[in-house]
Amino acid sequence: LAGKLFARMSASPNKNCKRLFTVCIEGNIGSGKTTFLNNFKANDNMLVLQEPVELWRDVGGTNLLEKMYKDPVRYGCLFQSYVQLTMLQLHTQKTNLPFKVMERSVYSARCFIENMKRTKMLEKVEIDILEQWHEWCIQRADIQTDLIVYLRTSPEVVYERMRTRARKEEDCVSLEYLRQVHDVHDDWLYNRSLFSVPAPVMVLDANKSVSEMMAEFEKCRRSIFENRD
Ligand code: DGT
């Protein structure tokens with residue numbers, strides 16, 4: 001992986017004018033993305049962008065995340081459309097810093113679309129439109145990504161974590177749902193049998209405890225930065 005990253009970075013024609021290097025942190029609900037991402041905040045050469053859950057909880061006073069969980073048939077498509085917008089806003093946020101690290105992406109939003117398709121939660125026409133939006137984003141929008149870090153977990157572990165953190169909207173989220181979301185992420189990033197993968201993938205065992213994850217984080221940080229510096 002380090003070799004591949006180096007090859008990508010050294011392809012830049014002017015060493016003093018490297019383009020932005022973007023990393024997306026991916027994984028199931030409760031896999032530890034936020035905690036992992038927070039470690040990057042110690043680096044002052046990075047723009048660290050957390051997922052806009054707070055925006056989803058307050059769309060002009062409406063908690064859309066809650067509505068989506070309570071009535072996914074009615075609100076699933078609307079929610080997905082807003083996720084796509086807020087993710088695009090993160091992807092296209094400008095910075096003069098050399099690195100951007102994001103929680104999730106337009107790419108992983110597709111995992112949730114895929115799951116709603118597999119479970120027949122939405123009408124075919126809703127899936128078609130969401131997929132067309134997604135295609136347009138990856139073909140036309142400026143969402144270039146250089147590395148995906150996949151925090152791979154087992155559904156049982158993230159279920160426990162989710163129960164412990166007790167986010168009120170997630171009350172009704174079942175182990176079965178987490179298994180479905182896991183399977184889509186795994187098919188995409190681990191088995192590579194689903195839609196295309198836009199960048200090299202670093203797979204980390206995120207079943208580990210927070211303290212054990214520090215070593216994984218260090219490994220990840222080194223492979224990103226040392227190759228570039
Ligand atoms: P972390 O830090 O790994 O524990 O991550 P979370 O669980 O805070 O963040 P995330 O992105 O896995 O999910 C936040 C909530 O939003 C969670 O209830 C799942 C939901 N969510 C995130 N993206 C999508 C999406 O594209 N579609 C749907 N239906 N739900 C989503």
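## Contacts with the ligand

A backbone N or O atom of G32 is placed 2.8 Å from an oxygen atom of the ligand. The model is a predicted one, and the distances and areas in this report are computed from it.

With R167 the side chain is involved, as a polar side-chain atom of R167 lies 2.8 Å from an oxygen atom of the ligand. The ligand on its own would expose 620 Å², and the protein buries 97% of that area.

## The shell around the ligand

The ligand takes up the space of the largest pocket. There are 22 residues around the ligand, and those that come nearest are E51, Y69, Q80, R104 and E170. Sorted by class, this shell has nine nonpolar residues, six polar residues and seven charged residues.

Which helices each supply at least two residues of the shell around the ligand? They are helix 2 (33-39), helix 4 (64-70), helix 5 (72-91) and helix 6 (106-118).

## Residues in helix 4 and helix 5

K67 belongs to helix 4, one of the helices that supply residues to the ligand shell. K67 counts as partly exposed because its relative accessibility is 34%, a value in between the limits of 20% for buried and 50% for exposed. H185 is 118 residues away from K67 along the chain, and the C-alpha atoms of the two are separated by 24 Å.

F79 is part of helix 5, another of the helices that supply shell residues. Is F79 buried or exposed? F79 has a relative accessible area of 6%, so it is buried. From F79 to T164 the separation is 85 residues in sequence and 25 Å in space, taken from C-alpha to C-alpha.

E26 is located in strand 1, which covers residues 21-27. The relative accessibility of E26 is 0%, and therefore E26 counts as buried. The side chain of E26 has a partner in the side chain of S105: the two make a polar contact at 2.5 Å.

L151 is located in strand 4, which covers residues 147-152. L151 counts as buried because its relative accessibility is 1%. How many residues apart along the chain are L151 and E26? They are 125 residues apart, while their C-alpha atoms are separated by 6.1 Å.

## Two residues with positive phi

Most residues other than glycine have a negative phi. R104 is not a glycine, yet has a positive phi of about 60 degrees. R104 sits in the loop between strand 3 (99-103) and helix 6, and is among the residues that come nearest to the ligand. The relative accessible area of R104 is 6%, so R104 is buried.

R192 is likewise not a glycine and has a positive phi, here about 55 degrees. Its place is the loop between helix 9 and strand 5 (201-205). R192 is partly exposed because its relative accessible area is 48%, which is not over the 50% needed for exposed.

## A residue in helix 9

H182 is found in helix 9, made up of residues 175-189. With a relative accessible area of 10%, H182 is under the 20% limit and therefore buried. P155 is 27 residues from H182 along the chain, and 6.5 Å separates their C-alpha atoms.

Technical notes. Residues numbered from 1 in each chain as written. Predicted model: local features only at pLDDT ≥ 70, side-chain atom pairs only at ≥ 80, totals over all residues. Heavy atoms only, no water. Near = heavy atom within 4 Å. Polar contact = N/O pair within 3.5 Å; in protein donor to acceptor, adjacent residues only side chain to side chain. Areas by Shrake-Rupley, 256 points an atom, 1.4 Å probe, with all protein chains shown as cover. 1 Å grid on protein atoms, 1.4 Å probe; cavity = no way out; pocket = protein on both sides within 12 Å on 5 of 7 lines; lining within 4 Å. Sits in = over half its atoms within 2 Å of the grid points. Helix = DSSP H or I, 4+ residues; strand = E, 2+ residues; numbered from the N terminus. Nonpolar A, V, L, I, M, F, W, Y, C, P; charged D, E, K, R; others polar. Buried < 20%, exposed > 50% of the residue type's maximum accessible area, 1.4 Å probe, protein only.
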